[in-house]
Amino acid sequence: MLRTTNTTRPTTLEELLSPEVAARISRLDITSRKVFSGKLKGERRSKRRGESVEFADHRPYVVGDDLRHIDWNIFGRLDRLFLKLFLEEEDLSLHIVVDCSASMDAGEPSKFLFAQRLAAALGYIGLVNLNRVAVSAIGSRPNDAEFERGESTPSGPAETGLVSSLRDLRGKRRLQDLSAYLMGLEPSGGTRFTDGCKRVALSRRGKGVMLIVSDFFVKEGYETGLRLLKGHGYDLFAIQVLSPQEMQPTIGGDLRLKDMEDGDTAEVTISAPLLKKYTQILNAYCNRLHEFCAQRDIVHMTVKSDTAVDTFVLEYLRRRGLVR
Amino acid sequence: MTFLSWPTAAVAAAIAIPALIILYFLKLRRRDVEVSSTLLWKKAIQDLQANAPFQKLRRNILLLLQLIVLCLILLAVADPQFRDTGRTNRRHILIIDRSASMSSLDGAADGGAPLTRLEAGKRAALRIVESLREPGLLDESGEEAMVIAFDTVAEVRQTFTSNKAELRAAIDRITPTDSPTSLERAYALASAYTGSEKFEEERGFVPVGPGATLHILSDGRLPDAERVRTSPVDSVVYHAVGDPKSVNIGITNIRATRAFDDPNKLSIFVELQSTAPEPLTVDVELAIDGNVVQARGINVAGATPPPPTAEEDAARAPTPGLGGFVFPLERSQGGVGLARIVVPAGVVDALPADNTAYFVFPPARRLSVAVVSEGNYWLQRALTSLSLSRVEFLTLAEFQRQLDEGRTAQYDVVVFDKVLPMVNPAVLAALPGVDAAPTVPAAAGGGGSAQPARGARVRGLPPGRSLVLGVVPPPPLGAKTVGEFDQAVIADWEKDHPALTLSGIGNVALGKGPRLELVPDTPVRAIVMGDKGPVMLEVLDAVTHAVVVAFDPNATYWPLEAGWVLFLGDVLTYLGEANTGGAAGSQIGTGTTLSTRLPVGSREIRLVLPSGERIDLEAGPDGTIAFGPVNSTGLYTVSWRGQATALDTERDGRAVRVLAANLADALESDTTPLPRLALAREVVSAEDADRLSDLTRRLWPYLLLAALGVIMLEWFVYNRKVSL
């Protein structure tokens, strides 16, 4: 809830993803509930028929087909030409979207630190299993607000909301690039969730598994953004990170609460009824997000930022089918 | 518990509590806290505000603590106090003893400096005044008090008021005197203001009204307390002051007399009294005209503790020990002297006022006596045998003529033998007890007739010093004759009366005589009682001093005995010295009126008090001056222009007469305070007063302390909330 007092960010890969955690999760692999077409040959079954050793189907021969794929046994029995089709194995696309807004820099431990470590862990799993891994950070870039106020011109693409992205990482040796990118992120500014999601959806080449890590405290609403991502056919996982202080507030007294993102204030006198009401509203908010996701076949999970990343990956994500 | 000014607190509460709540909203200081999002908080606030308009006040411990602080302060403003049931009366009378014993330096010690009992009593009175409930803005039923200071005389220093400043000032103005005490007069004065009793036909005095609380602030040495009949509706609280262990040594009597046979021999009798439990030897210095002429150690017995037989004995003090000595002097001229106690080492004397006693003695001289008689052999024979300067035998007509012409002042004493002159009743009418025109018995001679017309002269005692034989003046300067007796015997007499010491009156058998009845409130007392009533009287007021022998001495064997001559000698000396300002007449007790008779025609009369203050006086028609009551011991000097008597001195062309005022009161010198006060209807214990003062404790300081504590708690809670 309150701004993170210990703002020390991980500066090395070991700090981001400790070797122990890496060892524990290295035997996992990313799974998807759907079968997607890949771009490169990989270890994942593809929608396409290909050249693997795994039989898939037969189809009648047409002129021009490769004669080497004709199933001569069937021709012998039925006196008709059938082609023998094999499954194609391609790579899986894993896209990790990290909410990089200022609200993520809250709680003890920081929600953003958890998001960084989770992205690193899942990215590592993806890279190890030769999946294509992409990482995007959404939120307001520092000059977005100035642009909106007319104080400067946008330096990036016309659409705002996407801070940066790193694409087409494949293979374990790209782990350094992944970690460097994650360590270079700094939470600041507003969320601009819808714009960010739109940018991610439009920039996405190909389909696959998408994991969005955010607190989903979006005043404009998270619905449009998630709808846009889902509309592009991703196997979408929404990981909602909340700090322990957000789930059980420990503040008291007469306060003027200031929003980290937009500076909006709310004057409150903390009392037991108010805290009770806050908890009720938070639970209702999470439930509504959960229902929204369930209706659209999006996997939603809420996690406290003090949860160990390996525990979360090994127990919760494995149970929900993201890894195996 | 009662609230002394609850309306004030109620008004303050009506203003302050809403003001605090409003100010709490207006002046609320909020702490800025950054949160990840205000999204959920705003929803929560909106929901709560819709449901509970005063949710800000609910469970707000800081506001709650502030309200508690405010309530405590408002309670303090209401001035609550625990009240005893004895404090139910709205009116309080502070009766403060200022008599001589209250000057004892054994009041509660104040930082090492001992206080007098009067100061301690005044402080107790001030505490009572402070505890009075004051009228509030809307409640005018506060308590009120009045202040009475008393010794032998009672004075109202402040009438009933609820103004504490006036009461405090009245108490502060009370100063000690060297006078004895009379609680009865103080209570009579107080009851005149309480209105607690009213007189009804057939029922007498009946209690009425709400009554008052009488606070007696004294050491309990009140000899007439048993005569004080308090009203049932009044409550009496006795606040005892003084230390029961204090010791006082004092001179309780001093007398200078000249030998009848040799006037040059002067005897000064000094009597001492001590409240110390052990016997003491006390040095006494005797000084004449400023020079110490003799000093002697006098043994004084130790005080005797009261026998512990009854419960009431606890209220009794030990009986003081006595000692005395007669200093013999050979001195023909008159003078002024004093006897002074040198307090023994190791003894702390509580009361300095009785350590010095003054006396005045006249020069050796012989008396001038007139005998108004129709002929009395035994009297004439006895008087001529006495050592008198002049004895003049007059008929009643001759004396009456001298009296009318104002020439009787030449006689020191006039002896009336079975006759009385005609006097102006206007003089008598001014005296109490005159409810009917006085009558003179036919035996008085001169054909005394009953019921004279108003304004007519009657037979009675003329002003001056007289010995009356065989006739009784009518009241008020005499007694009422209610019959006759044929024979009587002497039952009792004042054995230490100067006129009776050697008279042998106890052996006299009386024949025929008048049966007398004393009228109350007249300056007449019986000094010899027979079995049929009083037979010898002493009349003593401001202008008249007489000894009246009611029976005819010639009808007894008394003139044949030596006692008769000794009686005449003693009584003439006793009366004559008083007349001339001699040893007895120049001795006055504090608390009484200074009265002396100057030669007719004296002018520019001036009285110098012991303090040096000068007062101009006017003499009465017979030359008598009066001043009083005398409040301090010491020498009072009267000077005037005009004729001086043989006993007066002359200085700067003015005649001077010195009178000595002494405490000389054994009861006042017995300073041991009494823990209980025995009144006519009840015994009041000083412990009750202690209990009362304990229970009338005001609570506002404790409430303010509690408020301070709650403020500290609030500060602690505030800091804890801020540091979250």
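Trainee: In chain A, what share of the contacts between residues at least 6 apart in sequence join residues at least 24 apart?

Mentor: In this predicted model, the share is 81% for chain A, counted among contacts between residues at least 6 apart in sequence. The secondary structure of chain A consists of eleven helices and ten strands.

Trainee: How many of the 324 residues of chain A, as a percentage, count as buried?

Mentor: Of those 324 residues, 44% count as buried. Buried nonpolar residues can then be grouped into cores through their contacts. The largest nonpolar core has 87 residues, and the members that touch the most others are A:Val98, A:Leu118, A:Ala119, A:Ala121, A:Leu211 and A:Val213.

Trainee: With which residues is A:Val98 in contact, leaving aside its neighbours within four places in sequence?

Mentor: The partners of A:Val98 are A:Ala115, A:Ala119, A:Val135, A:Ala137, A:Leu185 and A:Val213. There is also a second, separate core of 52 residues, and its members include B:Leu379, B:Leu537, B:Val548 and B:Leu575.

Trainee: Which residues of helix 7 of chain A and helix 8 of chain A meet?

Mentor: Helix 7 of chain A brings A:Phe193, A:Thr194, A:Gly196, A:Cys197, A:Lys198, A:Val200 and A:Ala201, while helix 8 of chain A brings A:Thr224, A:Gly225, A:Leu226, A:Leu228 and A:Leu229. By class, this contact has seven nonpolar, four polar and one charged residues.

Trainee: At what angle do helix 4 of chain B and helix 5 of chain B pack?

Mentor: Helix 4 of chain B (residues 117-130) and helix 5 of chain B (residues 164-172) pack at about 175°, with axes 10 Å apart. These two helices of chain B are therefore roughly antiparallel to each other. On helix 4 of chain B the contact is made by B:Lys122, B:Ala125, B:Leu126 and B:Val129, and on helix 5 of chain B by B:Lys164, B:Leu167, B:Arg168 and B:Ile171. The residues of this contact divide into five nonpolar, no polar and three charged.

Trainee: How many residues does each chain give to the contact between chain A and chain B?

Mentor: Chain A gives 35 residues and chain B gives 27 residues. On the side of chain A, the elements giving two or more residues are strand 8 (253-259), strand 9 (265-270) and helix 10 (272-295). Helix 10 of chain A has the largest share of that side, eight residues. By class, the side of chain A has 17 nonpolar, six polar and twelve charged residues.

Trainee: Where in chain B is confidence lowest, and where is it highest?

Mentor: Confidence is lowest in helix 9 of chain B (residues 425-429), with a mean pLDDT of 55, and highest in strand 20 of chain B (residues 413-417), at 93. Over residues 429-453 of chain B the pLDDT is below 50. The mean pLDDT of chain B is 81, and 82% of its residues reach 70 or more. The model scores ipTM 0.80 and pTM 0.50.

Key: Residues numbered from 1 in each chain as written. Chains lettered and ligands numbered in written order. Predicted model: local features only at pLDDT ≥ 70, side-chain atom pairs only at ≥ 80, totals over all residues. Contact = placed C-beta atoms within 7 Å. Helix = DSSP H or I, 4+ residues; strand = E, 2+ residues; numbered from the N terminus. Nonpolar A, V, L, I, M, F, W, Y, C, P; charged D, E, K, R; others polar. Buried ≥ 20, exposed ≤ 12 C-beta atoms within 10 Å, placed from the backbone. Core = buried A, V, L, I, M, F, W, Y, C linked by C-beta atoms within 7 Å. pLDDT = per-residue confidence, 0-100. Axes fitted to C-alpha atoms, helices over the stretch in contact; angles between N-to-C directions. Parallel < 35°, antiparallel > 145°, perpendicular 65-115°, else oblique.
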